[in-house]
Amino acid sequence: MKDLMEVLTRRCKGIIVRDGLAPYPRYIKRLQRCWAYILRESKDIAEKCEEAILLHNALKELYDILTDALENDPPLKIRKKLWRLAQEALRYWTYHGVEPTNTRAERALRPNVILRKILGKLRNDKGTSVHYFFD
């Protein structure tokens, strides 16, 4: 972690293309998520959940459009247009009024998780009845 901090805080002037490693945003603001990870994760989800197939296919299509367009190293004006295209495409797949993270749900579950850790397992009848007593 010390090496990561050294590189990101003192030497890095560009954009970091990253996997899902959590510490990066604490050290640098200019981040881009790796498309290989995004596509792999969306494919995994699509294989488990039929509703995610459309999203996975849309992400693949967007990736193909962007990589084809960037292949010839277009000027900044074209890159900005591509950036806006990608933003609009991603906005289409985001529901208005729905948070992009599950932070609120995690916070709502937190008291139950703490209680479960204090009391032990809740998978048996005794643990469940004790849990409801405190709830």
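Is aspartate 73 buried or exposed? In this predicted model, aspartate 73 is exposed, because its relative accessible area is 57%, and the cut-off for that class is over 50%. The residue sits in the loop that runs between helix H4 (52-70) and helix H5 (76-92). Its backbone deserves a remark as well: the phi angle of aspartate 73 is near 50 degrees, a positive value in a residue other than glycine. Most residues other than glycine have a negative phi.

The side chain of aspartate 73 has a partner. Arginine 79 and aspartate 73 meet in a salt bridge, with 2.6 Å from N to O. Arginine 79 has a relative accessible area of 33% and is therefore partly exposed, whereas aspartate 73 counts as exposed. Side chains of opposite charge can pair when their charged atoms come close.

This pair belongs to a set of 3 salt bridges in the structure. Another one joins glutamate 88 and arginine 91, at 2.5 Å from N to O. Where do glutamate 88 and arginine 91 lie, and how many residues apart are they? Both are in helix H5, and they are 3 residues apart, so about one helical turn separates them. Glutamate 88 is partly exposed because its relative accessibility is 48%; arginine 91, at 41%, also counts as partly exposed.

The remaining salt bridge links arginine 33 with glutamate 41, whose closest N and O atoms are 2.8 Å apart. Here too the classes follow from the accessible areas. Arginine 33 is partly exposed because its relative accessibility is 27%, and glutamate 41 is partly exposed because its value is 36%.

The surface also has a nonpolar feature. Leu54, Leu55, Tyr92 and Trp93 form a nonpolar patch there, and together they have about 450 Å² of accessible area. One of these residues, leucine 54, is placed in helix H4. Why does leucine 54 count as exposed? The reason is its relative accessibility of 58%, since exposed means over 50%.

These details can now be set in the overall fold. The protein contains 7 helices and 2 strands, and along the sequence they follow the pattern α-β-α-β-α-α-α-α-α. Of its 135 residues, 18% count as buried. The accessible surface comes to about 11,600 Å², and carbon and sulfur atoms make up 56% of that area. Among contacts with a separation of 6 or more, residues 24 or more positions apart account for 17%.

The average pLDDT of the protein is 77, and 66% of the residues score at least 70. Which helix has the highest confidence, and which the lowest? Helix H4 has the highest, with a mean of 92, while helix H7 (residues 125-134) has the lowest, with a mean of 55. Where pLDDT is low, the predicted coordinates should not be read in detail.

Methods:
Residues numbered from 1 in each chain as written. Predicted model: local features only at pLDDT ≥ 70, side-chain atom pairs only at ≥ 80, totals over all residues. Heavy atoms only, no water. Helix = DSSP H or I, 4+ residues; strand = E, 2+ residues; numbered from the N terminus. Buried < 20%, exposed > 50% of the residue type's maximum accessible area, 1.4 Å probe, protein only. Contact = heavy atoms within 4.5 Å. Areas by Shrake-Rupley, 256 points an atom, 1.4 Å probe, with all protein chains shown as cover. pLDDT = per-residue confidence, 0-100. Patch = residues over 30% accessible without salt bridge, like charges linked within 9 Å, V, L, I, M, F, W, Y side chains within 5 Å. Salt bridge = Lys/Arg side-chain N within 4 Å of Asp/Glu carboxyl O.
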